[in-house]
Amino acid sequence: REALAALPIAQHDNKDFERSWQRLLSLAPAERSRLSSIKSSIVRSRLALGKADLDPDAHDLCVLIDRRLPELVRHELDDLPPDDAGRRRKVGDLIDLVEQFARHCGRRRESVSGGDARGAAILRRRFEARLADHRDGL
């Protein structure tokens, strides 16, 4: 795992991802806007995480996005129940799961792209400002 993390994770044309996504969109046309937002979040995360050198967690998420997510969507959609209510429920559950995954990737993307460093810098400035206030009183 560590050896893999030493290499940037190349972004490649992921036809499986696109096929799975189009199929999900076709089964949930009322969720088009939500699915569009989820997809763009996943794509942004994939781009950022693919540049995260020496980060095994980022590598794992890239593998999930590239391989496991399309596989999950394909299998879930292949196993839909025949009745409309069951299909709607299963597709809704799948969309919820993919959305949770996208949120997780987004949080991870922020920590890789400096979200945590930015927060740390803000906190450091607040501390320094408070310490400066105390020095003024001495």
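This is a predicted model: local features need pLDDT of at least 70, side-chain atom pairs count only at pLDDT 80 or more; totals for chains, interfaces and linings use all residues.

Residues are numbered from 1 along each chain as its sequence is written, and side-chain values use heavy atoms, with hydrogens and water left out.

The chain has 6 helices and 0 strands, where helices (H or I, at least four residues) and strands (E, at least two) are DSSP runs numbered from the N terminus. From the N terminus the order is α-α-α-α-α-α. Of its 138 residues, 35% count as buried, meaning under 20% relative accessible area with a 1.4 Å probe, protein chains only. Among contacts (heavy atoms within 4.5 Å) with a separation of 6 or more, 73% join residues 24 or more positions apart.

Two packed helices are described by the angle between their axes and the distance between the axes. Here axes are lines fitted to C-alpha atoms, for helices over the stretch in contact, and angles run from 0 to 180 degrees between N-to-C directions. The axes of α3 and α4 (residues 56–78) come within 9 Å and cross at roughly 135 degrees. The two are therefore oblique to each other, as angles under 35 degrees count as roughly parallel, over 145 as roughly antiparallel, 65 to 115 as roughly perpendicular and the rest as oblique. Ile42, Arg46 and Leu49 of α3 contact Ala58, Leu61, Cys62, Ile65, Asp66 and Leu69 of α4.

Helix α2 (residues 15–27) also packs on α4, at an angle of about 35 degrees and with the axes 9 Å apart. From α2, Asp16, Phe17, Ser20, Arg23, Leu24 and Leu27 meet Ile65, Leu69, Pro70, Val73, Arg74, Leu77 and Asp78 of α4.

Cys105 lies in helix α5 (residues 84–112). Is this residue buried or exposed? Cys105 is buried, because its relative accessible area is 0%. Leaving aside residues up to four places away in sequence, Cys105 touches Ser45, Leu49, Leu61 and Ile65. The C-alpha of Cys105 is 8.9 Å from that of Ala58, 47 residues away along the chain.

How values were computed. Buried means under 20% relative accessible area, exposed over 50%, partly exposed in between (1.4 Å probe, protein chains only).
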